[in-house]
Amino acid sequence: MGIMNTTEDFRHFVMEHGLPITEMTLFGIKCPYCGKSDQIRKLESPDDLDHVIEPDVLAAYSAFFKKLQQPETSIGVCRFCRNCLSLTNAGQAMPLLEEPAD
């Protein structure tokens with residue numbers, strides 16, 4: 001599966017399941033897609049959703065999360081344009097990229 005397929009599939013998955021569960025906006029982080037800086041939300045790690053979503057949904061989310069999360073970053077979503085993002089520890093949002101296969 002190519003980069004666009006995985007990130008696009010993850011985007012649809014996040015929208016379909018109403019993620020993130022926690023509605024906490026990260027102000028001051030600008031979306032690289034639409035430019036909004038008041039709509040960025042961090043997605044929960046799979047461990048934080050253990051008893052919140054169905055086990056089969058959690059398994060799919062965990063697989064996406066493992067494939068897409070990069071070292072030293074978090075995964076977020078812009079609730080305006082609905083694109084998934086990579087959030088750096090420096091407080092910046094970048095397009096989400098898939099880890100190359102080994």
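Arg-82 counts as partly exposed because its relative accessibility is 31%, where buried means under 20% relative accessible area, exposed over 50% and partly exposed in between (1.4 Å probe, protein chains only). Arg-82 also has a positive phi of about 70°, although it is not a glycine. Its place is in the loop between S2 and strand S3 (84–88); helices (H or I, at least four residues) and strands (E, at least two) are DSSP runs, numbered from the N terminus. The model is a predicted one, in which local features need pLDDT of at least 70 and side-chain atom pairs count only at pLDDT 80 or more, while totals for chains, interfaces and linings use all residues. Residues are numbered from 1 along each chain as its sequence is written, and side-chain values use heavy atoms, with hydrogens and water left out.

**Backbone features in loops**

- Glu-72 is not a glycine, yet it has a positive phi of about 65°.
- The loop between H2 and S2 holds Glu-72, which counts as exposed because its relative accessibility is 65%.
- Leu-19 and Pro-20 are joined by a cis peptide bond, with omega of about 0°.
- Pro-20 lies in the loop between H1 and strand S1 (40–42).

**Overall fold**

- The chain contains two helices and four strands, and from the N terminus on its elements run α-β-α-β-β-β.
- The chain is as compact as a globular protein of its length, because its radius of gyration of 13 Å is close to the 13 Å that the globule rule gives for 102 residues. This radius is taken over C-alpha atoms, and the rule is 2.2 Å times the number of residues to the power 0.38.
- The C-alpha trace spans about 35 × 30 × 25 Å along its principal axes.
- Among contacts (heavy atoms within 4.5 Å) between residues at least 6 apart in sequence, 55% join residues at least 24 apart.

**Nonpolar cores**

- In soluble globular proteins, nonpolar side chains tend to be buried together.
- A nonpolar core is a set of buried Ala, Val, Leu, Ile, Met, Phe, Trp, Tyr and Cys residues joined through side-chain atoms within 4.5 Å.
- The largest such core has 17 residues, of which Phe-10, Val-14, Leu-19, Leu-43, Tyr-61 and Ile-75 touch the most other members.
- At least two residues of this core come from each of helix H1 (3–16), helix H2 (55–68) and strand S2 (73–78). H2 gives the most, with six residues.
- Leaving out residues up to four places away in sequence, Leu-43 touches Phe-10, Val-14, Leu-19, Pro-20, Tyr-61, Phe-65, Ile-75, Gly-76 and Val-77.
- A second, separate core has eight residues, including Cys-31, Ile-40, Cys-81 and Leu-85.

**A buried threonine**

- Thr-73 lies in strand S2 and counts as buried because its relative accessibility is 12%.
- Apart from neighbours within four places in sequence, Thr-73 is in contact with Ser-86, Leu-87 and Thr-88.

**Surface and charge**

- Of the 102 residues of the chain, 39% count as buried.
- The accessible surface of the chain comes to about 6200 Å², and 53% of this belongs to carbon and sulfur atoms. Accessible areas come from the Shrake-Rupley method with a 1.4 Å probe; for residues, only the protein chains shown count as cover.
- The chain carries 9 positive and 15 negative side chains, with the centres of the two sets 9 Å apart. Lys and Arg count as positive and Asp and Glu as negative, while His and the chain ends are not counted; the place of a charge is taken as NZ of Lys, CZ of Arg, CG of Asp or CD of Glu.
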